[in-house]
Amino acid sequence: MPSQTLEQILDSRRSQPHQLIEVLQDIQQNSNYISEKSMQAVSQSLGVPVMEVYRVASFYKAFRLKPTGKIVLTMCMGTACHVRSSRLLLDQAIGQLGIQPGEITPDGLFSIEYVNCLGACALGPIVKENEVYHHHMTPGKLRKLIESIRSREMGVQNAKA
Ligand code: FES
């Protein structure tokens, strides 16, 4: 659930074109991705052409332009993680969740992504659960992590009901 509205984010940085990246970061942190509507609003608010907003948002791999599940599992496929069998982690996530990278589970809970380095090579293979890093991962640890996230999130849903 977003903690701020798009208008609140834009109001805090109105007419500050040099803060384009920070605004896009705020929007993604709040909504999990940057929609086309958000890019148009950013363009108007900062006075930056919409093509420039799109260029920046699509240039940086950290920005997502499509909706994701509530929990994004990011697998590192960089060299240091690859030599420690990170491909098996990706296969585990795909098999356990029944989705491919870029897709969302039918319950909206999980998405899978992969990147070329998460900046913690010595601790690989790394799996990121939203902003939380899990290091020295194995397929077994990942299976348990996914199960524990599912249990935790079902508990949250039951508590709200
Ligand atoms: S290669 Fe995986 S964290 Fe750098």
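## Basis of the model

The structure is a predicted model, in which local features require pLDDT of at least 70 and side-chain atom pairs count only at pLDDT 80 or more, while totals for chains, interfaces and linings use all residues. Residues are numbered from 1 along each chain as its sequence is written, and side-chain values use heavy atoms, with hydrogens and water left out.

## Overall architecture

The protein contains 7 helices and 4 strands, where helices (H or I, at least four residues) and strands (E, at least two) are DSSP runs numbered from the N terminus. Read from the N terminus, the order of elements is α-α-α-α-β-α-α-β-β-β-α. The C-alpha trace spans about 50 × 45 × 25 Å along its principal axes.

The domain assignment gives domain 1 (6-59) and domain 2 (71-160); such bounds come from an automatic or database domain assignment. The C-alpha centres of domain 1 and domain 2 are 28 Å apart. Of the 161 residues, 40% count as buried, that is, under 20% relative accessible area, with exposed meaning over 50% and partly exposed in between (1.4 Å probe, protein chains only). Contact is defined as heavy atoms within 4.5 Å. Among contacts between residues at least 6 apart in sequence, 62% join residues at least 24 apart.

Helix α3 comprises residues 36-46, and its buried residues are Ser 38, Met 39, Ala 41, Val 42, Ser 43, Ser 45 and Leu 46. The cover over these buried residues includes α1 (6-11), α2 (20-31) and α4 (50-59).

Val 53 is located in helix α4 and counts as buried because its relative accessibility is 0%. Apart from residues up to four places away in sequence, Val 53 touches Leu 20, Leu 24, Met 39, Val 42, Ser 43 and Val 48. The C-alpha atoms of Val 53 and Gln 28, which are 25 residues apart along the chain, are separated by 14 Å.

## Packing of α6 against α7

Two packed helices are described by the angle between their axes and the distance between the axes. For helix α6 (residues 86-97) and helix α7 (residues 139-160), the axes come within 9 Å and cross at roughly 40 degrees. Axes are lines fitted to C-alpha atoms, for helices over the stretch in contact, and angles run from 0 to 180 degrees between N-to-C directions.

On the α6 side, Leu 88, Leu 89, Gln 92, Ala 93, Gln 96 and Leu 97 take part; they meet Pro 139, Leu 142, Arg 143, Ile 146, Glu 147 and Arg 150 of α7. The residues of this contact divide into 7 nonpolar, 2 polar and 3 charged. In this grouping Ala, Val, Leu, Ile, Met, Phe, Trp, Tyr, Cys and Pro count as nonpolar, Asp, Glu, Lys and Arg as charged, and the others, Gly among them, as polar.

## Buried strand residues

Ile 112 belongs to strand β2 and is buried, with a relative accessible area of 0%. Beyond its neighbours within four places in sequence, the contacts of Ile 112 include Leu 73, Met 75, Leu 90, Ala 93, Ile 94 and Leu 97.

Glu 129 lies in strand β3 (residues 127-129). Glu 129 counts as buried because its relative accessibility is 9%. Its side chain joins that of Arg 152 in a polar contact of 3.1 Å; a polar contact is a pair of N or O atoms within 3.5 Å, and within protein one must be able to donate a hydrogen and the other to accept it, with residues adjacent in sequence counting only if both atoms are side-chain atoms. Leaving aside neighbours within four places in sequence, Glu 129 also contacts residues including Ile 71, Val 72, Leu 73, His 134, Leu 145 and Ile 149.

## Backbone features

Most residues other than glycine have a negative phi, and most peptide bonds are trans. Asn 32, in the loop between α2 and α3, has a positive phi of about 80 degrees and is partly exposed at 21% relative accessibility. Ser 85, in the loop between α5 (79-82) and α6, has a positive phi of about 70 degrees and is partly exposed at 37%.

Gly 124 and Pro 125 are joined by a cis peptide bond, with omega about 0 degrees. Pro 125 is situated in the loop between β2 (110-115) and β3.
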